[in-house]
Amino acid sequence: MTDVRPRIRLPRSASAGDSIVVKTLINHDMETGQRRNSAGETIPRQIINRFTCEYNGVMVIDVALEPAISANPYMEFEAVVPESGEFVFTWYDDNGEVYTATEAFEVS
Amino acid sequence: MLTRRDTFAIGLGASAVALLPATAFADAVDDWIAAYTGGAAMEDGGVTITAPEIAENGNTVPVSVSAEGATEIVLVATGNPTPGLGRFTFGPGSGAPMIATRIRLGRTQDVVAIAKMADGTFKTTRVEVKVTIGGCGG
Amino acid sequence: MQHLKPARSLALASACVAALWSGAALADPDLSADLVIDGELHIVTRAPSDDTITPYLPERYSGWLFRSEDTRAMQMDDFENPAMIAAEAGAELWTTVDGSAGQSCQDCHGDAEESMRGVRAMMPHVNEDGVLWSMENYVNNCRTERMGAEAWRWSGDEMTSMTSFLSLQSRGMPVAVQIDGPAAPYWEQGREMYYTRYGQLELSCANCHEDSTGQMIRADHLSQGQISGFPTYRLKNAGIVSIHNRFRGCIRDTRAETFAEGSDEFRALELYVASRGMGLGIEGVSVRP
């Protein structure tokens, strides 16, 4: 697997208490376990099976992903920002690896 | 490189799957849904799915769902090798019970959304997404 | 390899022809659509045709116009465009030391935004020795001759990441390839290929992309076959596809033994096809189905 790069998109600004749109993208093949290689062997499944987003320790969303989520999983959702703080995003790989990204956010 | 023999074998396999009675898929989907809802009845409506009528490529189909008052939403595909698409649980920090993502659909089928409400009841809706085989796009 | 019996291949060919000319679903591109990236950068997707290169096209259209609304939207946002991950990987490769000379691209070329601006727009280009080179050739030449590094596979992850990154530096600039002077013989070769029927299905590029552009071939919306959007993120592959990779696929789909990536033939074809899009904006990394 090539370098895994999470990408986060947050709005430029928001007021305290607003609900903001959060967009996330991470590169990952999301190998379904349905495909076969040229030798006819089944390519084993390896997907991101879980994604979570927290803001200042509060859970925003917890996603259980199935193989039918497209490669390079894209997730867009909304989070409340009662005060300034930090987003923590976590992706869990079938192989046990965990990828994280953090983004500070300021409310006006 | 695919030999003609391979192509025939794959074609035979594909047509065997296509010949599976629709009930085979339906059973798997019903079982999956029953396992999720615990057999509880689902109310039609109160959930909005936005998906293309025709997906330009089944590998990446943009889908968004929202359901007012939902604590959790699951997406189910009625014609994929396995029914589950994803389970989206909204925490205290969630701003709205909505999610947008991209899914894989292996063929024309319904995408079903089931929303679990705060009081434990379920709402549902479904849309059909046509998935085409390309022309000479390979 | 055995060939299909003549009767079957004829049936197949006529079925395809029938599909092309059925006229049942004449679906024109959405000419009112406007390609603006992140609400700021406008990319030219319609350019005037001319009498020398594309006398049979009323106007030149980017492949973007032929795509569904959802696919078009994916390209208009640099965040939502999955190809940007590859471009970012390319940006990292740009600053990564590789090879016996202990240098990175940046060590010689500096900031890519300046030094590589316009490069993609003029590819493929005849080099100092009079040989037509694609962008991939230039990259590998630097790597092997100056960096002392190994050449990258034409359509491997590293190369496609790099070409995505480099292509981004020309985004919005008009395609401007040279087709006269030392480039002329290659252009002629490419033009001949474009109008040559290949494979059991006996289809030339022109059959689909000139004679039948705008029509549906089964469920595909036939574009003009422009490459101004390449390298592209193909939804089908969920990955970056290079120009030659796409050529290979197209010719393979006519049931022909296809040429190799990086071959003389494909470089010539690339020059000719690029010239058919002159005036269209380089799209950086596009999104296609």
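In the predicted model, B:Glu72 counts as buried, at 10% relative accessibility, because the cut-off for burial is under 20%. The side chain of B:Glu72 meets that of B:Arg87 in a salt bridge, with 3.8 Å from N to O. This pair links distant parts of the chain, 15 residues apart: B:Glu72 lies in strand E5 (residues 70-77) of chain B and B:Arg87 in strand E6 (residues 84-90) of chain B. B:Arg87 is partly exposed, with a relative accessible area of 40%.

A salt bridge within chain C is formed by the side chains of C:Arg72 and C:Asp30, at 3.1 Å from N to O. C:Arg72 counts as buried at 9% relative accessibility, whereas C:Asp30 counts as partly exposed at 30%. Over all chains, the count of salt bridges comes to 23.

Salt bridges also occur between chains. C:Glu80 forms one with A:Lys23, the closest N and O atoms being 2.8 Å apart. C:Glu80 is in the loop between helix H2 (69-75) and H3 of chain C, and A:Lys23 is in strand E2 (residues 18-26) of chain A, so the pair joins two chains. Both C:Glu80 and A:Lys23 are buried. These two residues are part of a network of salt bridges that also links A:Arg9, B:Arg102 and C:Asp77.

The interface of chain C and chain A brings 15 residues of chain C into contact with 15 residues of chain A. The area buried between the two chains is about 1200 Å², and carbon and sulfur atoms give 52% of this area. Seven residue pairs in polar contact are found across the interface, both residues being at pLDDT 80 or more. Five salt bridges are found across the interface of chain C and chain A. In one salt bridge, C:Glu92 pairs with A:Arg5, and the closest N and O atoms are 2.7 Å apart. On the side of chain C that touches chain A, helix H3 (residues 83-94) of chain C gives the most, with five residues. The residues of that side comprise seven nonpolar, one polar and seven charged.

Helix H3 of chain C is also among the elements that cover the buried residues of H7(C), together with helix H4 (105-109), helix H5 (112-115), helix H6 (135-147) and strand E10 (239-241) of chain C. Nine of the twelve residues of H7(C) are buried, so this helix is largely enclosed by the rest of the structure. The buried residues include C:Met159, C:Met162, C:Phe165 and C:Leu166, as well as C:Thr160 and C:Ser161. At 1.5 Å a residue, helix H7 (residues 157-168) of chain C should span 16 Å, which agrees with the 16 Å between its end C-alpha atoms.

Two further positions in chain B were examined. B:Thr60, in the loop between strand E3 (54-55) and strand E4 (61-66) of chain B, is buried, with a relative accessible area of 8%. Not counting residues up to four places away in sequence, B:Thr60 touches A:Ser70, B:Arg102, B:Ile103, C:Met74 and C:Leu235. B:Asp30, found in helix H2 (residues 22-37) of chain B, is partly exposed, with a relative accessible area of 48%. The C-alpha atom of B:Asp30 is separated by 17 Å from that of B:Glu128, 98 residues apart along the chain.

Key: Residues numbered from 1 in each chain as written. Chains lettered and ligands numbered in written order. Predicted model: local features only at pLDDT ≥ 70, side-chain atom pairs only at ≥ 80, totals over all residues. Heavy atoms only, no water. Contact = heavy atoms within 4.5 Å. Buried area = accessible area lost by both parts, 1.4 Å probe. Salt bridge = Lys/Arg side-chain N within 4 Å of Asp/Glu carboxyl O. Polar contact = N/O pair within 3.5 Å; in protein donor to acceptor, adjacent residues only side chain to side chain. Helix = DSSP H or I, 4+ residues; strand = E, 2+ residues; numbered from the N terminus. Nonpolar A, V, L, I, M, F, W, Y, C, P; charged D, E, K, R; others polar. Expected span 1.5 Å × (residues − 1). Buried < 20%, exposed > 50% of the residue type's maximum accessible area, 1.4 Å probe, protein only.
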